[in-house]
Amino acid sequence: MRTLTEIITSAKGQSVRTAVACAGDWEVLEAILSAVSQGLVEPILYGDGEKISTILYELGTDPECFSIVSCPSDEEACRAACKACSEGGASILMKGFVDTKVILKAVLSEGLVEDGGLLSHVMTFGFSDRDKLLMVSDGGVVMFPGLYEKSVMIRNAKRLADALELSPFKVACLSAVEKVNPKLQSTIDGLALKEMSGKPGFEEIIIEGPISFDLAVSEEAARIKGYDSPVAGNADMLLVPDLEAGNILAKSMTYMAGGDSAGLVLGAKVPIVLVSRADSSRVKLNSIALAVLVAKKGEG
C-alpha cells in the first residue's frame with residue numbers, strides 16, 4: 001500500500017471492536033463516526049458519559065446507538081478500556097483526549113504489553129509528491145533507545161510493514177553522517193543494526209546504517225554522493241536516534257512538509273491508536289484504519 005487513502009479503503013467493512021479511552025472530545029468522536037460509517041470499527045466509548053453523549057448529539061448522532069461506559073476519571077477510563085482489550089473484548093485500543101502517560105500507565109498495569117516486549121511508537125506519513133508511505137520511529141514513547149531497544153523497535157514496526165504488504169521492509173538507521181564515528185553512538189548502533197539484516201528475527205528486513213536523512217529519502221542525493229544501497233532514497237522507515245529527534249522530525253513533516261499521517265503504538269497485545277491531542281480528526285481516522293489492518297493481520 002502506498003497511500004493513507006488506500007489504507008482506509010482496505011480497512012472498510014472490517015468492523016473491528018475498538019475501545020476508546022477518554023472519548024469525550026469532538027475530534028475523537030468525529031473520527032469515530034467517520035470510521036463507523038465506513039465499517040472500520042465497532043467502538044466502545046469510555047469516559048465522561050454525559051460529555052460523550054452531548055458531543056454525539058452535536059455531531060447529529062443518537063448516543064443510544066453507541067456503547068458508552070461512563071467512568072469517574074481519565075485514569076479509570078483508561079484502565080477500563082485497557083481491561084476490555086486484555087480480556088478480549090476489543091482488538092484495538094484508542095487514546096482519546098488524555099495525556100499519553102496516563103493511558104500508557106494503564107496499558108502496563110492491565111498487562112497489555114507482550115511478554116518481554118517493548119512499546120514503541122510509529123508515525124506513518126503520506127506526501128502528495130511521494131509515491132510511497134514513510135514511517136518514523138520513535139518520536140513518542142522510547143526516550144533514549146539503546147541497541148537492544150532499537151532492534152525491538154524495528155521488529156515492532158515489521159508488523160506494521162506486514163500489514164501494509166511491504167516486503168522487503170527497508171529501514172534507515174539515521175545519524176548525522178554515514179560513516180562510523182566512535183564519538184557518535186547513532187553511527188555505532190546503525191552499523192550493528194545493519195549487520196542484523198536478514199538474520200533470525202529480521203527476515204525480509206533490509207537495514208541500512210548509519211545513514212543521513214538526505215540519503216535515506218533522496219535517490220538524487222545518494223547518486224551525487226555515490227552512496228549505493230537498496231535503502232538509499234527508498235526507505236520505508238526512518239529509525240531515529242532518540243525521542244527528541246523523532247518528535248521534531250515527525251512534527252516538521254506535518255507542519256512544514258504538509259504530510260498526512262497516522263500514529264500507532266506497537267509491542268502491545270493489540271495495536272494502540274496514539275496521536276497528539278492537537279491532531280485533526282483526519283489523522284485520527286487514518287490511525288484507526290491503520291490499526292484495523294494491523295489487528296486483522298494479527299488474526300491471520
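The chain is divided into domain 1 (1–113 + 268–299) and domain 2 (122–264), with bounds that come from an automatic or database domain assignment. This is a predicted model, in which local features need pLDDT of at least 70 and side-chain atom pairs count only at pLDDT 80 or more, while totals for chains, interfaces and linings use all residues. Residues are numbered from 1 along each chain as its sequence is written, and side-chain values use heavy atoms, with hydrogens and water left out.

## The two domains and their interface

The C-alpha centres of domain 1 and domain 2 are 27 Å apart. Contact, defined as heavy atoms within 4.5 Å, joins 21 residues of domain 1 to 18 residues of domain 2. The size of an interface is often given as the accessible area lost when the parts come together. Buried area is the accessible area (1.4 Å probe) that two parts lose on being put together, summed over both. For domain 1 and domain 2 this area is about 1700 Å², with 62% of it on carbon and sulfur atoms.

Polar contacts also cross the interface. A polar contact is a pair of N or O atoms within 3.5 Å; within protein, one atom must be able to donate a hydrogen and the other to accept it, and residues adjacent in sequence count only if both atoms are side-chain atoms. On the side of domain 1 that touches domain 2, the elements giving two or more residues are helix 1 (4–11), strand 11 (272–273) and helix 11 (281–299). Helix 11 gives the most to this side, with 9 residues. Helices (H or I, at least four residues) and strands (E, at least two) are DSSP runs, numbered from the N terminus.

## Salt bridges

A salt bridge is a side-chain nitrogen of Lys or Arg within 4 Å of a carboxyl oxygen of Asp or Glu. By this rule the structure has 13 salt bridges, and the count between domain 1 and domain 2 is 2.

| Pair | Closest N and O atoms |
|---|---|
| Arg17 and Glu42 | 3.8 Å |
| Asp260 and Arg282 | 3.3 Å |

Arg17 forms its salt bridge with Glu42. Arg17 lies in strand 1 and Glu42 in strand 2 (residues 41–47), so this pair ties together parts that are 25 residues apart in sequence. Arg17 is partly exposed at 33% relative accessibility, and Glu42 is partly exposed at 38%.

Glu220 and Arg223 are 3 residues apart in helix 9 (residues 219–225), a separation of about one helical turn. Glu220 is partly exposed, with a relative accessible area of 43%, whereas Arg223 is exposed, with 58%.

In the remaining pair of the table, Asp260 lies in strand 10 (residues 260–266) and Arg282 in helix 11, so the two tie together parts that are 22 residues apart in sequence. Asp260 is partly exposed at 23% relative accessibility, and Arg282 is partly exposed at 35%.

Salt bridges can also be described as a network: Lys132, Lys170 and Asp236 are linked in this way.

## Buried residues

In helix 5 (residues 100–109), the buried residues are Val102, Ile103, Leu104, Ala106 and Val107. Their cover includes strand 1 (16–21), helix 4 (74–86), strand 4 (92–95) and strand 11. Gly111, which follows helix 5, has a positive phi near 70 degrees.

Asp189, in helix 7 (residues 185–194), counts as buried because its relative accessibility is 5%. The side chain of Asp189 makes a polar contact of 3.0 Å with the side chain of Lys150. Leaving aside residues up to four places away in sequence, Asp189 touches Gly146, Leu147 and Lys150.

## Cysteines

A disulfide is a pair of cysteine sulfur atoms within 2.5 Å, and the structure holds 0 disulfides. For Cys78, the nearest cysteine sulfur is that of Cys22, 4.1 Å away. Cys78 counts as buried at 0% relative accessibility, and Cys173 counts as buried at 3%.

Note on methods: Buried means under 20% relative accessible area, exposed over 50%, partly exposed in between (1.4 Å probe, protein chains only).
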